[in-house]
Amino acid sequence: MTTNNFYAMRGERLLIATTKKIATAMHRLLLLVLLVLTGSYTAWAQHDGFRLHGCLPLPDGTAVGLLVSTDTAQSVECCSGVLRNHTFSFTGKIDRPRAATFITNNLNIVAKNHWPDDSIHWNYINLYLTNDDILITPELKVKGGQVQDDYNDLLAMDDTGGAVVSPDLFFRFIDGHPHSPVAIDLARRLMERAYNLTAAQVEHLDTTITSVPEDTIGLRLMRQQIAQARKMVKGATLQDLDLVTTKGMPTSLSKIVAEAQQSKPGYVLIDFWASWCGICLAAMPDIKTLAEKYSQDLTVLGVSIDIKEQAWLRSMQKHHEPWAQYRTSPQGYKDLFTKYQVGNGVPYYLLVRPDGKVLSAMSGPEQVKETLDNLLAK
């Protein structure tokens, strides 16, 4: 081998070695860049969606699920699974903050082990789902995100978490958290079942909740609800609904109320019910007692929201009550939910004054009794 060939081969090897080193260095650099980018993306992704997770003191195999509220009265299942090593983790993305319920049950475990029914256990944990990292603690408490912090403030004020509509508590929370999505939800609940707020209360909601950056969609929906609520406050005119008689003839809510008061001046109780509503049917004997006790001053009118006529007729035969009965037409049914904003349907009671104006929506026969006792004692 000549000297020139030797140095040529050596130079080639050095070039190859150098090229490999450069390639290795570039590869490492590329990996470093990818790691940085991946880390950045992961951190961004956590804010771009939600992660609901926890380690719970419950047996493996316990079913877990998440129900999320919608813009109607319905909730939908968002996630489901089972505990493994006592842990769970749900991920996803939502369009705006929404009330939700995390649920656990041991139905599968009970069935697998043939345990008695009294071994079945459920847990229902209310929370607000936002695109944040949200933790359910072993104590079944929820942490994570500003909206959840707001909701925890509500829980501290009332341990029912707003399970029962309490106007005083709701307004107190709204006044203290006017920019919270939770305030929007409470305001919308207050305006459900029309004629249960005063004009001043509706205006207070409108002027207090003016900006909610985290839920502009909810704010817009609330504004729409306020516009309708202004027409249906305590003391306002009764909004009309299309009805049909038991003979299938068209009529209207305002017409039957006017006829009832012309026949017997006084108060009119409108009982909105349905054949499938157990609470409605169970309350009818109490309403009958009211009709008998205040026979000189009160007329009761029944308005069913049954869609199927035969179901309505059969129910009246089985639960015959001594007052006139009507049923909402298809348009009347729709208007009950849009005009009256009766989000969760029936039972729904309205007490109309002798002058034809609506006194208020009533929570049930007991409130009707208390109200009439106070009014007629004067």
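1. The model is a predicted one. The buried set in α7 consists of G218, L219, L221, M222, Q225, I226, Q228 and A229.

2. Helix α7 itself covers residues 216-229, which is 14 residues. From first C-alpha to last, α7 reaches 20 Å, close to the 20 Å expected at 1.5 Å a residue.

3. An open sheet is built from four strands with mixed pairing, in the order β4-β1-β7-β8. At its edges lie β4 (87-92) and β8 (142-143), each of which pairs on one side only. Strands β7 (residues 133-136) and β8 run antiparallel and are joined by two bridges. I136 has V142 in β8 as its bridge partner.

4. Some backbone geometry deserves a look. Most residues other than glycine have a negative phi, and most peptide bonds are trans. H86, not a glycine, has a positive phi of about 70°. H86 sits in the loop between β3 (75-82) and β4. Its relative accessibility is 36%, so H86 counts as partly exposed.

5. Y195 also has a positive phi, near 75°, and lies in the loop between α5 and α6. Is Y195 buried or exposed? With a relative accessible area of 0%, Y195 is buried.

6. The peptide bond from V346 to P347 is cis, with omega near 5°. P347 belongs to the loop between α11 and β14 (348-352).

Notes:
Residues are numbered from 1 along each chain as its sequence is written. This is a predicted model: local features need pLDDT of at least 70, side-chain atom pairs count only at pLDDT 80 or more; totals for chains, interfaces and linings use all residues. Side-chain values use heavy atoms; hydrogens and water are left out. Two strands pair if DSSP finds at least two bridges between them. The expected span of a helix is 1.5 Å times one less than its number of residues. Buried means under 20% relative accessible area, exposed over 50%, partly exposed in between (1.4 Å probe, protein chains only).
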